[in-house]
Amino acid sequence: MQETSEISEIVASLKTTKLRLIGIDGTDGSGKSTLAKHLSSQLGFAHINLDDHLEKNRGQFVKYIKYDQVKGEIDKAKQPIVIEGVCLLAAIENLADPLDILIYVKRVSDYGMWYEKEDCEVNEDIDEFIIRKKSGGSIPALTEEIIRYHYKYKPYEKAGIIYKRIDR
């Protein structure tokens with residue numbers, strides 16, 4: 001696994017391999033869309049943002065993606081595709097189109113602390129963790145979905161590239 005905070009390093013890595021479907025995953029607000037736009041622009045790849053194919057105002061993500069639209073975009077693309085969204089590995093299962101590489105975006109402090117680590121690396125019973133988290137107040141359904149997704153899929157462990165987006 002490659003870890004970097006430099007987009008140019010990711011571009012260089014992706015240029016050296018023949019890829020069709022590049023996935024970008026991370027929590028909401030981590031920088032997935034910004035990275036995807038940079039990569040698509042610099043590499044001449046198509047870009048699919050799963051947010052653009054989402055039934056709006058549903059409060060959750062995976063079950064409200066319009067998969068037929070996404071599949072249509074993938075099928076008609078003539079060049080490699082960068083596809084991005086939260087809970088990406090779960091969405092990809094519904095598309096039945098495997099990723100060639102997964103890039104995971106971590107939002108980190110300038111001294112390297114991963115901001116979402118507590119919610120993304122849960123090492124206890126997930127239901128107990130959610131109950132404990134809710135005891136401090138309600139949490140949005142999307143936040144719970146993202147926590148449960150990370151618990152089940154561990155995308156940061158499956159990624160070929162970890163992009164550390166540094167918050168300054």
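Visitor: Where is the place of S5?

Guide: In this predicted model, S5 belongs to the loop that links strand 1 and helix 1.

Visitor: Is S5 buried or exposed, or something in between?

Guide: The class follows from relative accessibility: under 20% is buried and over 50% is exposed. S5 has 33% relative accessibility, so it counts as partly exposed.

Visitor: Which residues is S5 in contact with, leaving aside its neighbours within four places in sequence?

Guide: S5 is in contact with Y163, K164 and I166. S5 and I162 are separated by 157 residues in sequence, and their C-alpha atoms are 8.4 Å apart.

Visitor: How many bridges join strand 1 to strand 6?

Guide: Three bridges join the two strands, and strand 1 and strand 6 run parallel.

Visitor: How many bridges join strand 5 to strand 6?

Guide: Seven bridges connect strand 5 (residues 101–109) with strand 6 (residues 161–167), and these strands run parallel. V105 is opposite Y163 in strand 6, and R107 has R165 as its bridge partner there.

Visitor: Which strands are joined to strand 4 by bridges?

Guide: Strand 2 (residues 21–26) is joined to strand 4 by four bridges, and strand 3 is joined to strand 4 by four bridges. Both pairings are parallel. I81 of strand 4 takes part on both sides: I81 is the bridge partner of L21, and A46 stands opposite I81.

Visitor: Which way do the residues of strand 4 point?

Guide: In a regular strand, side chains alternate between the two faces of the sheet. In strand 4, I81 and I83 point one way, while V82 and E84 point the other way. All four of these residues, E84 included, are buried.

Visitor: At what angle do helix 1 and helix 2 pack?

Guide: Helix 1 (residues 7–15) packs against helix 2 (residues 32–43) at an angle of about 50°, and their axes are 10 Å apart. The angle therefore makes helix 1 oblique to helix 2. Their crossing is right-handed.

Visitor: Which residues make the contact between helix 1 and helix 2?

Guide: Helix 1 contributes I7, I10, V11, L14 and K15. Helix 2 contributes L35, H38, L39, Q42 and L43.

Visitor: How many residues of that contact are nonpolar, polar and charged?

Guide: Seven residues of the contact of helix 1 with helix 2 are nonpolar, two are polar and one is charged.

Definitions and conventions. Residues numbered from 1 in each chain as written. Predicted model: local features only at pLDDT ≥ 70, side-chain atom pairs only at ≥ 80, totals over all residues. Heavy atoms only, no water. Axes fitted to C-alpha atoms, helices over the stretch in contact; angles between N-to-C directions. Parallel < 35°, antiparallel > 145°, perpendicular 65-115°, else oblique. Left-handed = near helix turned anticlockwise from the far one by under 90°. Contact = heavy atoms within 4.5 Å. Nonpolar A, V, L, I, M, F, W, Y, C, P; charged D, E, K, R; others polar. Pairing = 2+ DSSP bridges. Buried < 20%, exposed > 50% of the residue type's maximum accessible area, 1.4 Å probe, protein only.
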